[in-house]
Amino acid sequence: MKKHLGLALGAIGLLASASLAQAAASSPMPTTGYTSQPIGHYEFCKRYAATCGANAGKAALKLTPAIWKRIVDVNVAVNSNVFPRTDQDIYGVPEHWAYPTAEGDCEDFVLLKQYMLEREGIPASALLITVVKQTNGDGHAVLTLRTDQGDFVLDNLDNKILAWQSTEYTYLKRQAVDNAGKWVGIVDDRNLLVGSVR
């Protein structure tokens, strides 16, 4: 897997779809206190306890053009090299979070991106698994990138990295900034704000 991802990263390095200057402005995602941890993540943490503890710091990532390009490259590489399949098809169970080798569902894409970007030196507190609801009502997972220029979303359904508020998702919960094994609620009142203007 590492060999294939390395080749993919080299091939797409010249084709990074968005420069930092082209990225839409974002803002921090508003969150509430601790909430329930998804069962799939709870089971994942039992298997990979070292990935689910307190984070060393809480600062947002300082974005530079070089870091942004690397993030874009990792997002595209994982999206291009992992075949989407449901946990039911792969494991015979409705929910199983795991690092993918060749195939996986949305949470698996997120876990691999998180892993790869942490290896690039991006702090865990800036790479947060996030649970959303799609417009059709289905659940989905994305990776929230916390930066000094706002929060952005890495998604297996789109190679573009978007400002969280530019997506059509309803945001429900995400990993806590201070502890990768805890989760916080998200105050997604974008629809309420739009409705109040009418």
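This is a predicted model: local features need pLDDT of at least 70, side-chain atom pairs count only at pLDDT 80 or more; totals for chains, interfaces and linings use all residues.
Residues are numbered from 1 along each chain as its sequence is written, and side-chain values use heavy atoms, with hydrogens and water left out.

The protein chain contains six helices and nine strands; helices (H or I, at least four residues) and strands (E, at least two) are DSSP runs numbered from the N terminus. Of its 198 residues, 46% count as buried, where buried denotes under 20% relative accessible area, exposed over 50%, and partly exposed the range in between (1.4 Å probe, protein chains only). Among contacts (heavy atoms within 4.5 Å) between residues at least 6 apart in sequence, 64% join residues at least 24 apart.

Seven strands form an open sheet in the order 1-9-8-4-5-6-7, with antiparallel pairing; two strands are taken to pair if DSSP finds at least two bridges between them. The edges of the sheet are strand 1 (31–35) and strand 7 (158–163), each of which pairs on one side only. Direction ignored, neighbouring strands of this sheet are turned by 30° against each other on average. Helix 5 (residues 106–119) packs on the sheet and touches strand 4 (127–133), strand 5 (139–147), strand 6 (150–155) and strand 8. The direction of helix 5 makes about 20° with that of strand 5; axes are lines fitted to C-alpha atoms, for helices over the stretch in contact, and angles run from 0 to 180 degrees between N-to-C directions.

Strand 4 and strand 5 run antiparallel and are joined by seven bridges. Within this pairing, Ile129 has Leu143 of strand 5 as its bridge partner, and Leu128 is partnered by Thr144 of strand 5. The two strands form a hairpin with five residues between them, and Gly137 in the turn has a positive phi of about 95°. Both strands are mostly covered: six of the seven residues of strand 4 are buried, as are eight of the nine residues of strand 5. A second hairpin joins strand 5 to strand 6 through two residues. These strands also run antiparallel, with five bridges between them, and the bridge partner of Thr147 is Gly150 in strand 6.

Strand 4 also pairs with strand 8 in the antiparallel sense, over four bridges, and Val131 stands opposite Lys173 in strand 8. Strand 8 (residues 170–175) is in turn joined by three bridges to the antiparallel strand 9 (residues 183–186), where Trp183 is the bridge partner of Gln175.

Leu172 lies in strand 8 and is partly exposed, with a relative accessible area of 40%. Residues up to four places away in sequence not being counted, Leu172 touches Val131, Val132, Lys133, Val184, Gly185 and Ile186. Leu172 and Val131 are 41 residues apart in sequence, but 5.7 Å apart in space, C-alpha to C-alpha. Gln165 is placed in the loop between strand 7 and strand 8 and is likewise partly exposed, with a relative accessible area of 28%. On the same exclusion of residues up to four places away, Gln165 touches Ala25, Ser26, Ser27 and Arg190. The C-alpha atoms of Gln165 and Asp188 lie 8.9 Å apart, with a sequence separation of 23 residues.

The largest pocket holds about 330 Å³ of space. On a 1 Å grid over the protein atoms alone, a pocket is an open set of points with protein on both sides within 12 Å along at least five of seven lines, and lining residues have an atom within 4 Å of a point. Grid points are joined across faces, edges and corners, and the volume is the space filled by probe spheres set on the points. The lining comprises 23 residues, of which Thr51, Asn55, Glu118, Ala124 and Ala180 lie nearest the centre of the pocket. Helix 2 (39–47), helix 5 and strand 4 are the elements that give two or more residues to this lining, and helix 5 supplies the largest share, five residues.

Technical notes: On a 1 Å grid over the protein atoms alone, a cavity is a set of points where a 1.4 Å probe fits but cannot get out, and a pocket is an open set with protein on both sides within 12 Å along at least five of seven lines; lining residues have an atom within 4 Å of a point.
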